[in-house]
Amino acid sequence: MIEVLDLTKVYGSTRAVSGLSFHAEPGQVTGFLGPNGAGKSTTMRVILGLHAPTSGRALINGVAKRDLRHPMREVGAMLDATEVQGGRSAFDHLQALAHAGGLSSRRVVHVLEEVGLTGAARKRIAGFSQGMRQRLGIAAALLGDPGVLILDEPVNGLDPDGIRRLRALLRSLAAEGRTVLLSSHLMTEISLTADKLVIISHGRLIEDTTVAQLQARFVGDVLVRSPHATRLAGVLEAAGATVRRDTAAETIPRSAAPSAGEEELLVTGLSAAAIGDAALASGCAVHELTPRRASLEESFLELTR
Amino acid sequence: MINLLASEWLKLRSLRATAYVLASTLSALALTGLAAFSVSRYFDTHGAGGEPVGTGLGFSADLTAVLFGLLGVLAISGEYGTGMIRLTLITVGRPWILLLAKAVVVATVAAVVGQALAFAAYLTAQAAVGGRPIGASLSEPAALSEVLATGVGSAAAVLGLGLATLLRSTPGAIVALAGLLLAPTMVERFLPAPWNDWTGSLTVPSLTRQLGGVPDSGAFGPLAATMILAGYVLLTLLAASCAITRRDA
């Protein structure tokens with residue numbers, strides 16, 4: 001359980017986070033989303049006790065990070081996978097962390113296996129690719145088998161297979177009842193993993209919602225292509241729909257360009273089925289009927305503008 | 001605390017820089033041998049008029065103080081340089097405990113290696129002196145206590161750790177360390193008596209000799225020298241502890 005309560009963090013004259021409140025619940029992957037510079041990393045650093053809040057509080061399992069008795073067993077984090085000393089082997093790096101948390105070497109072996117770095121365990125981190133460092137960072141976060149996981153942009157630098165494995169891992173960690181807070185600046189990426197979305201922009205909370213709710217809110221319209229567009233538009237408007245005919249301004253993914261005599265309508269307020277029925281009843285031919293859903297990426301851009 | 005000591009000990013020995021710094025302290029032996037040899041040659045040509053070699057430890061005292069201090073610097077500056085300090089701080093409860101663990105590990109390593117080095121430097125000097133009556137025998141209490149004090153004094157390496165924590169930069173900490181250790185020796189030349197004696201007596205290498213009760217080594221007795229040296233270390237660690245606790249990492 002992570003609780004952020006009316007958190008504000010000011011650096012000099014910069015207000016990085018402003019009155020931010022949200023919860024991340026156990027058993028869920030909470031996506032923490034915002035454009036670059038929105039305050040995601042700052043919030044995570046405050047939650048992890050690295051930065052002191054200017055005002056407000058951030059709690060892990062009900063206490064501030066610095067007051068946790070066994071920090072590694074309660075919270076694991078990956079903030080920036082490049083922040084490691086390259087001179088050490090992956091094993092020594094993790095073993096030093098394990099020592100600090102009073103954990104056995106078996107955990108080191110286990111997490112190395114979990115992220116697929118067993119073969120590189122004795123190699124110096126300096127020779128690691130970005131993706132390998134990312135996996136090492138995830139291994140360090142998992143080391144103490146913590147109930148709360150905080151990962152800052154964990155998919156950066158991972159190859160498609162690594163991303164797929166990470167998604168499955170995070171889903172299974174949440175399914176085990178852990179709290180997973182996952183930041184990203186990519187809506188499409190996070191919508192595949194997260195249950196809940198916390199969207200921030202300029203340090204302020206924009207949305208605290210679920211992926212499904214957000215998608216439902218941004219339902220799109222229906223594209224209708226018809227040779228009897230003018231008559232059909234009248235029929236649909238009479239049925240309560242809003243019809244736009246200025247499709248030139250839209251970038252519409254089409255199966256085919258409208259041919260001579262056809263016109264395009266963008267209809268909102270009626271389902272595709274209802275439009276089809278209305279067209280049949282009025283004797284208007286319909287050459288295309290495509291429901292369009294605003295992509296999450298577009299809704300994200302709209303929200304954080 | 002035991003857990004953190006194990007962690008910091010592994011961190012220190014798993015970095016090559018540690019081995020390089022400790023290996024470079026061997027240069028003190030070469031310096032000592034060279035200086036003792038040159039003094040011996042002077043004795044052969046001019047007779048017993050010049051300075052004696054004594055234990056020979058004074059020749060390399062400034063050098064080893066800087067090199068062991070560097071060990072302390074590297075124990076944390078690398079973590080600040082790479083940003084790994086954040087990962088480390090996430091794994092510990094209170095930041096000052098981390099600093100304390102690092103201090104204990106650095107001080108122990110420096111004292112053990114420093115002690116071995118002190119004996120080696122002593123033996124090197126005596127070998128260069130040969131049988132000439134300008135050396136010092138370990139059967140003289142002052143000679144033995146100087147060798148032992150030099151070893152113990154290496155623990156002042158912790159000053160490097162404190163400076164690096166305060167400055168969060170490897171080059172910055174090295175410059176500050178060298179300045180702090182060597183500046184009094186330079187300043188003392190320009191000061192009138194008795195200020196020059198007091199200032200010169202406040203350097204870490206000089207305090208180490210006074211700690212061992214070496215005759216004519218400075219203005220303070222062993223007890224006062226111990227307290228001043230311990231005061232340096234405690235003050236630096238206290239300042240560093242406040243910094244690492246209060247500062248955003």
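In helix 1 of chain A, the residues Lys40(A), Thr42(A), Thr43(A), Met44(A), Arg45(A), Val46(A) and Ile47(A) are buried, where buried denotes 20 or more other C-beta atoms within 10 Å of a residue's own, exposed denotes 12 or fewer, partly exposed lies in between, and the C-beta atoms are placed from the backbone. This helix, residues 40–47, is thus mostly covered, with seven of its eight residues buried, and just after helix 1 of chain A, Gly49(A) takes a positive phi of about 75°. Helices and strands are DSSP runs numbered from the N terminus, helices being H or I of at least four residues and strands being E of at least two.

The model is a predicted one, in which local features need pLDDT of at least 70 and side-chain atom pairs count only at pLDDT 80 or more, whereas totals for chains, interfaces and linings use all residues. Residues are numbered from 1 along each chain as its sequence is written, while chains are lettered from A and ligands numbered from 1 in the order in which they are written.

Chain A as a whole contains 11 helices and 13 strands. Of the 305 residues of chain A, 42% count as buried. Among the contacts in chain A with a separation of 6 or more, 72% come from residues 24 or more positions apart, a contact being a pair of residues whose C-beta atoms, placed from the backbone, lie within 7 Å.

Asp6(A) lies in strand 1 of chain A, residues 2–11, and has a positive phi of about 50° although it is not a glycine; Asp6(A) is exposed, with 12 other C-beta atoms within 10 Å. Arg73(A), by contrast, belongs to helix 2 of chain A, residues 71–74, and is partly exposed, with 16 other C-beta atoms within 10 Å. Leaving aside residues up to four places away in sequence, Arg73(A) touches Gly101(A), Gly144(A), Asp145(A) and Pro146(A). Arg73(A) and Gly102(A) are 29 residues apart in sequence, and their C-alpha atoms are 9.5 Å apart in space.

Chain B is built from 12 helices and zero strands. Its radius of gyration is 19 Å, close to the 18 Å that the globule rule gives for 249 residues, so chain B is as compact as a globular protein of that length. The C-alpha trace of chain B spans about 65 × 40 × 30 Å along its principal axes, and buried residues make up 48% of the 249 residues. Of the contacts in chain B between residues at least 6 apart in sequence, 77% join residues at least 24 apart.

An unreviewed UniProt entry places the annotation "transmembrane region" on residues 20–43, 55–76, 97–123, 143–166, 173–191 and 219–244 of chain B; the positions are given in the numbering used here, feature names are shortened, and such annotations may be inferred rather than shown by experiment. In the model, residues 97–123 of chain B are 100% helix and 0% strand, with end C-alpha atoms 39 Å apart. Residues 173–191 of chain B are 84% helix and 0% strand, and their end C-alpha atoms lie 27 Å apart. In the loop between helix 8 (158–167) and helix 9 (170–188) of chain B sits Arg168(B), which has a positive phi of about 55° although it is not a glycine and is partly exposed, with 18 other C-beta atoms within 10 Å.

Where the chains meet, 25 residues of chain B are in contact with 25 residues of chain A. Helix 1 (2–13), helix 2 (16–24), helix 4 and helix 5 of chain B each supply at least two residues of the side of chain B that touches chain A. The residues on that side divide into 11 nonpolar, eight polar and six charged, with Ala, Val, Leu, Ile, Met, Phe, Trp, Tyr, Cys and Pro counted as nonpolar, Asp, Glu, Lys and Arg as charged, and the others, Gly among them, as polar.

How values were computed: Two residues are in contact if their C-beta atoms, placed from the backbone, lie within 7 Å. The radius of gyration is taken over C-alpha atoms; the globule rule is 2.2 Å times the number of residues to the power 0.38.
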